[in-house]
Amino acid sequence: MKVTVYTITYNQCEIVTRTILGLFDQDYPSDQYELVILNDGSDDDTLATLQAFAQKSPVPMLVLDCAHEADYLSAKRWNQCIAAASPTSHPVSPAAILTY
């Protein structure tokens, strides 16, 4: 089953780096998943880090960059991630993966 792993970040360069590296280091076939990461207007190195990962990613990786909103974990932001996913994949968040 092809899945899209999506997450939202704001000024969390270290955390999103660990998340991405953890996803790259798992056993799920790399041709069966993609990453969609929404950067909510971070003012640290988060966006540059995400863009660097996207260039060398072993899986399709889309970085969405939006102006910061106070409620960056709103349904609006999650819906933007889901809308950007491949239409044939099933969306999951990293939190769902980490609970198994």
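Phe 53 is found in helix H2.

**Phe 53 and the buried face of H2**

With a relative accessible area of 10%, Phe 53 is buried, because buried means under 20%. Apart from residues up to four places away in sequence, Phe 53 touches Thr 17, Ile 20, Leu 21, Phe 24 and Met 61. Phe 53 belongs to the buried set of H2, together with Thr 46, Thr 49 and Leu 50. Viewed down the axis of H2, these buried residues fall within an arc of 100°, and they therefore line one face of the helix. The elements covering the buried residues of H2 include E1, H1, strand E2 (33-40) and strand E3 (61-66).

Thr 49 likewise has its place in helix H2. Once residues up to four places away in sequence are set aside, Thr 49 touches Cys 13 and Thr 17.

**Packing of H1 against H2**

Two packed helices are described by the angle between their axes and the distance between the axes. Helix H1 spans residues 13-24 and helix H2 spans residues 46-56; their axes come within 9 Å and cross at roughly 15°. Because angles under 35 degrees count as roughly parallel, H1 is roughly parallel to H2. The crossing in which H1 passes H2 is right-handed.

Which residues make the contact between H1 and H2? On the side of H1, the contact is made by Cys 13, Val 16, Thr 17, Ile 20, Leu 21 and Phe 24. On the side of H2, the residues are Thr 46, Thr 49, Leu 50 and Phe 53. Sorted by class, the contact of H1 with H2 has 7 nonpolar residues, 3 polar residues and no charged residues.

**Separations between C-alpha atoms**

The table lists selected residue pairs.

| Residue pair | Separation along the chain | C-alpha separation |
|---|---|---|
| Phe 53 and Thr 17 | 36 residues | 8.7 Å |
| Thr 49 and Glu 14 | 35 residues | 9.4 Å |
| Val 5 and Leu 21 | 16 residues | 13 Å |
| Lys 2 and Asp 44 | 42 residues | 32 Å |

**Residues in and around E1**

Val 5 has its place in strand E1. Is Val 5 buried or exposed? Its relative accessibility is 4%, and Val 5 therefore counts as buried.

Lys 2 is found in the segment before strand E1, a strand that covers residues 3-9. At 27% relative accessibility, Lys 2 counts as partly exposed, because that class lies between the limits of 20% and 50%. When neighbours within four places in sequence are left aside, Lys 2 is in contact with Tyr 28, Gln 32, Tyr 33, Thr 88, Ser 89 and His 90.

Asn 11 is placed in the loop between E1 and H1. Its backbone has a positive phi of about 50°, although Asn 11 is not a glycine. The relative accessibility of Asn 11 is 28%, and this residue therefore counts as partly exposed.

**Summary**

In this predicted model, H1 and H2 are roughly parallel, with a right-handed crossing and a contact that has no charged residues. The buried residues of H2, namely Thr 46, Thr 49, Leu 50 and Phe 53, line one face of the helix.

Key: Residues are numbered from 1 along each chain as its sequence is written. This is a predicted model: local features need pLDDT of at least 70, side-chain atom pairs count only at pLDDT 80 or more; totals for chains, interfaces and linings use all residues. Side-chain values use heavy atoms; hydrogens and water are left out. Axes are lines fitted to C-alpha atoms, for helices over the stretch in contact, and angles run from 0 to 180 degrees between N-to-C directions. Helices (H or I, at least four residues) and strands (E, at least two) are DSSP runs, numbered from the N terminus. Angles under 35 degrees count as roughly parallel, over 145 as roughly antiparallel, 65 to 115 as roughly perpendicular and the rest as oblique. A crossing is left-handed if the near helix is turned anticlockwise from the far one by less than a right angle, and right-handed if clockwise. Contact means heavy atoms within 4.5 Å. Ala, Val, Leu, Ile, Met, Phe, Trp, Tyr, Cys and Pro count as nonpolar, Asp, Glu, Lys and Arg as charged, and the others, Gly among them, as polar. Buried means under 20% relative accessible area, exposed over 50%, partly exposed in between (1.4 Å probe, protein chains only). The arc is that of the directions from the helix axis to the C-beta atoms.
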